[in-house]
Amino acid sequence: MPLHKLEHFDPNYRETFSGDDVKALDVYTQGGERIGSVADVLVDQDGRFRYLVLDTSLDYVSKKILLPIGLSRINYPERRVYVNGLSKEQVENLPEYAENAIVDEDYEEKVRSVFRSSTSNVTYERETYNYQQEPALYDLNEQYNQTFRLYEERLIANKHRVKTGEVAVSKHIETETARVAVPIQKERVLIERVPPTAGRTVVDPNELKFQAGEVARIEVYEETPDIHKEAFVREEIRVKKVVEQDTVEAQDTIRREELDVHTAGELRVDDNGGTPHQAI
């Protein structure tokens, strides 16, 4: 069964335990002698405590070791962990725990063999062993370590994008009849016969010239309309999207569990509503 460091299994474990941090507790013997501190906790895949990682200093022997959780008594009000009989000899015989150590079945068995009672009838078999076979090593002492969780519901607001429609922009051609007026000019020749202004004047015979054929040539012009079609940019259309902000509010009924403490006998209850273990 794989084991996990507490913070890897539950990054918010302090919140889970209402602000209590087992990794901040000192370790004492039942006689009140400080022998180290809790460096970490190893839990199984269901989140159950299996080992405390102790940074020990016992009779000038310093070493990080694994302590099966059943051999400890956690007292959060005193901010201490009490160990049931940890000797210098046991510390010396335990494999030293390193941050990169692989805690597999064989490693655990080396730890168990140090703490296992000589009267134990447990036979270790790698494929079939489970923690329930040795409750003295792996079960939390119910007298001192009863833990249950208070749950509450929270409204979680998320959002996702959904398609609500689409806009298609295209163009079509419309026709109409257009009229345009162009003024044009036409030339024409006007021939008038008028009486001569010098009709009674005698012409000198030497100047008189009679001649047959064309006497004068006048070119006649006229304007013709030149009407054709040309295309121009009439208007530009820009298509873009804008994002509008809106706030959507929702409400629902949520539930929260609160702790009820019922006492019997003369028990001293602390200000936080808990019952100190030492007063029971």
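Author: The following dialogue treats the secondary structure, the core and the surface in turn. This is a predicted model, in which local features need pLDDT of at least 70, side-chain atom pairs count only at pLDDT 80 or more, and totals for chains, interfaces and linings use all residues. Residues are numbered from 1 along each chain as its sequence is written, and side-chain values use heavy atoms, with hydrogens and water left out.

Reader: How many helices and strands does the chain have?

Author: Helices (H or I, at least four residues) and strands (E, at least two) are DSSP runs, numbered from the N terminus. Here there are five helices and seven strands, in the order β-α-α-β-β-β-β-β-β-α-α-α from the N terminus.

Reader: Which residues have the most contacts inside the largest nonpolar core?

Author: In soluble globular proteins, nonpolar side chains tend to be buried together. A nonpolar core is a set of buried Ala, Val, Leu, Ile, Met, Phe, Trp, Tyr and Cys residues joined through side-chain atoms within 4.5 Å. Buried means under 20% relative accessible area, exposed over 50%, and partly exposed in between (1.4 Å probe, protein chains only). The largest core of this kind has 40 residues, with L54 and L66 making the most contacts inside it. Strand β4 gives the most to this core, namely six residues.

Reader: What does L54 touch beyond its neighbours within four places in sequence?

Author: Contact means heavy atoms within 4.5 Å. The partners of L54 include V27, V38, I65 and V83.

Reader: Is V239 buried or exposed?

Author: V239, in the segment after α5, counts as exposed because its relative accessibility is 61%.
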